[in-house]
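Biologist: Could you take a close look at one part of this model for me? I would like the cut-offs spelled out as you go, please.

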Amino acid sequence: QLQLVESGGGLVQPGGSLRLSCAASGYTCDYYAIGWFRQAPGKEREGVSCLSSSGGSTDYASSVKGRFTSSRDNAKNMVYLQMNSLKPEDTAVYYCAGVYELPGEFITIATMTPTRYDYWGQGTQVTVSS
């Protein structure tokens, strides 16, 4: 089965940047759509960004659009989330998740519910604070 491991979280000041990485193993990730989620204390897990299996299509939550960029390198089985202009409200545990992508299917922010994804990483903490 697909195994995912996130890294790159940490403490950053407001306005700073971080790049999260998600390493895939077990299966080649070429056939899997990947989503980035986050969960803050006391809040529900929310979708941040989703990428098609090829990386050619992406979508973002309105709260991060223009600040976050997701990408993937299928040759390296890696997925990335570049986070710029970070705000305190971005503080959360960030997760990458994967689901087999059916032909012609593209998951959007509106449809990327956590239950749609079958494989999850353990999460990485991002704290934005001065």
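Modeller: Happy to! Let's start with Tyr100, which is partly exposed because its relative accessible area is 45%; buried means under 20%, exposed over 50%, and partly exposed in between, using a 1.4 Å probe and protein chains only. Please keep in mind that this is a predicted model, in which local features need pLDDT of at least 70 and side-chain atom pairs count only at pLDDT 80 or more, while totals for chains, interfaces and linings use all residues. Numbering runs from 1 along each chain as its sequence is written, and side-chain values use heavy atoms, with hydrogens and water left out.

Tyr100 belongs to strand β9, residues 92–100 (strands are DSSP runs of E, at least two residues, numbered from the N terminus).

Now for the rings. Searching the whole structure gives 6 aromatic pairs, where ring centres of Phe, Tyr or Trp (its six-membered ring) lie within 6.5 Å, and planes count as stacked under 30 degrees, edge-to-face over 60 and tilted for the rest. Tyr100 pairs edge-to-face with Tyr32, at 5.9 Å centre to centre and 85 degrees between the planes. Tyr32 sits in strand β4 (residues 32–39) and Tyr100 in β9, so this pair ties together parts 68 residues apart in sequence.

Tyr119 lies in strand β10 (residues 119–120), so the link from β4 spans 87 residues in sequence. Here both rings, Tyr32 and Tyr119, belong to buried residues.

Another ring group is a cluster in which ring pairs link Phe37, Tyr95, Tyr117 and Trp120. Arg45 meets two of its members: its charged end sits over the ring of Tyr95, 3.9 Å from the centre, and Arg45 also lies over the face of Trp120, 4.8 Å from the ring centre. For Arg, that calls for CZ within 6 Å of the ring centre and within 35 degrees of the ring normal.

Key:
Helices (H or I, at least four residues) and strands (E, at least two) are DSSP runs, numbered from the N terminus.
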